[in-house]
Amino acid sequence: MSIHDFPAYRGVLEYVCLQCQARYPQDELLYTCPDCGGVFLLEDSRQESLKELSGAQWRERFDARAAVKRRALRGIFRFYELIAPVLDEQDIVYLGEGQTPIIPSSPALNTAVGHTVAMKNDGQNPSASFKDRGMACAFSYLQSMARANDWDQLLTICASTGDTSAAAALYAAYVGAPLTSVVLLPAGKVTEQQLAQPLGSGAVVLEVPGVFDDCMRVVEYLADNYRVALLNSKNPWRILGQESYAYEVAQWYDWNLSDKALFVPIGNAGNITAIMSGLLKMHDLGIITALPQLFGVQTAHADPVFQYYRQPPESRSYSPVEVKPSVAQAAMIGNPVSFPRVRTLAERYEQVAGDGSFQVVQVQEQAIMESMLLANRHGHIACTQGGECLAGLLRAKEEGRIDHKTTAVLDATAHSLKFIGFQDRYFQNTFAPEYGITPQAQWQNRPETVIDPEVKNRLAADAFAREAAQAVVERLGLEGKED
């Protein structure tokens, strides 16, 4: 078979409940276990047969596919056999998601941080966030289900802090009938840029008083009682698509992650779940031989997973928390729906990679904001979640949790322009008290007026240009060119 051919392998995916271990076939829209209400992971019951190829052969295959232009093998589906090997080629949706770059930090940033840093810019996905990885897989599955069942209408629905709604609305708009998109947002809790995205894609946007967790309860009720497609990370097909982040990081570093530490914001815990799952899958198949250290990062304003893991292992007890406003808006989740997946996969991860291979660090809002500014002032395009990861690295270093010889790969989950309003609030010192952020002088940067605007009304264009230029010269201390 040519590397350009669509794969012949077909898996058998099953929903596996993490609470009662019940299993269900893939040909149903399921999000929670009908028996006990637990959350699912999707497992390929034929995965052992993938070991007929060696790890080296899989590496060679995936590397060769990086140059393939066949649409259904682009982006996340370059790793088709590991993600959703039940989909037919005609159902795969590809909008350019995945294959986002890892940018090594400048020497100056490495010096400022005291560590070797790189940032994976997932804001370069189509809707400008990592959520597109999961949506590509979820919408490919929904398209296959709609075709197989001859559905004439299927409503897709999600709760969101912004990025999920943008991605869901974009992919629904691309696929079109019979899929339509509805998103629920917490009123007043998303940025203008994030609100504009689903509206621009034609989704029905409904606002609910409260926070994300309130919106989530509404869509969970709808998914349990009506035929709608839930697109939050409770959807296990999204988790499969987001595993591609792990595959891309491994491929970028030539399949050697032994000296790497990955920092991932937790939020609703879907992404860190997917990354752990993908890393474990590659290790099981011999594609990678060592697992990296993995850090989940949470703001102190929404930290239920941190609070769980700070307890002694023998007496840990999970409890949701009440959230406070956070500049890392995707983090404002007090009861992550994917927490049971985190707990299960973290246990497996540490069984393979050893104690301390999975950790959770807590950071303050001030540190998140100033870490974002630190990254961006050294040439990155980090969102507040990227700032959260850099703050997590600094915290891990302070607490002696990370080896100084590792390269820290930070997850910048969205484009910085989505969160530019927070930067402006910092510069203008207009954060509400509940954020707990006090702007510091070294980070201030505001536009300066170099010449009185009234001067323009008094002078001809050439004369004004000369006076304005002279004002710039004086402000910058410029010297004239030598003859």
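A search of the whole structure identifies three cavities of 30 Å³ or more. The structure is a predicted model, in which local features require pLDDT of at least 70 and side-chain atom pairs count only at pLDDT 80 or more, whereas totals for chains, interfaces and linings use all residues. Residues are numbered from 1 along each chain as its sequence is written, and side-chain values use heavy atoms, with hydrogens and water left out.

The largest cavity holds about 250 Å³ of space. Its lining comprises 25 residues, and F130, K131, G267, N268 and A330 are the closest to its centre. A cavity is here a set of points, on a 1 Å grid over the protein atoms alone, where a 1.4 Å probe fits but cannot get out, and lining residues have an atom within 4 Å of a point. Grid points are joined across faces, edges and corners, and a volume is the space filled by probe spheres set on the points. Helices α8, α10 and α14 (384-398) each contribute at least two residues to the lining of the largest cavity. Helices (H or I, at least four residues) and strands (E, at least two) are DSSP runs numbered from the N terminus. By class, the lining of this cavity has nine nonpolar, 12 polar and four charged residues; Ala, Val, Leu, Ile, Met, Phe, Trp, Tyr, Cys and Pro count as nonpolar, Asp, Glu, Lys and Arg as charged, and the others, Gly among them, as polar.

The largest pocket (a pocket being an open set with protein on both sides within 12 Å along at least five of seven lines) has a volume of about 450 Å³. Of its 25 lining residues, E43, Q47, S277, K281 and R348 lie nearest the centre. At least two residues of the lining come from each of β3 (40-44), α2 (80-83), α8 (236-242), α10 (270-284) and α12 (339-353), and α10 gives the most, with five. The lining of the largest pocket consists of 13 nonpolar, four polar and eight charged residues.

The second largest pocket has a volume of about 300 Å³ and is lined by 16 residues, with Y309, P313, R316, E350 and F358 nearest its centre. Helix α11 (304-309), helix α12 and strand β12 (358-363) each supply at least two lining residues; the largest share, four residues, is that of α12. Seven nonpolar, two polar and seven charged residues form the lining of the second largest pocket.

Two helix pairs were also examined. Helix α9 (residues 244-252) packs on α10 at an angle of about 55°, with the axes 7 Å apart. Therefore α9 is oblique to α10. Axes are lines fitted to C-alpha atoms, for helices over the stretch in contact, and angles run from 0 to 180 degrees between N-to-C directions. Angles under 35 degrees count as roughly parallel, over 145 as roughly antiparallel, 65 to 115 as roughly perpendicular and the rest as oblique. In the contact (heavy atoms within 4.5 Å), Y245, A246, Y247 and A250 of α9 meet I275, G278, L279, K281 and M282 of α10. Seven of these residues are nonpolar, one is polar and one is charged.

Helix α13 (residues 365-376) and α14 pack at about 100°, with their axes 7 Å apart, so α13 is roughly perpendicular to α14. Here A367, I368, S371, M372, L374 and A375 of α13 meet T384, G387, E388, L390, A391 and L394 of α14. The residues of this contact divide into eight nonpolar, three polar and one charged.
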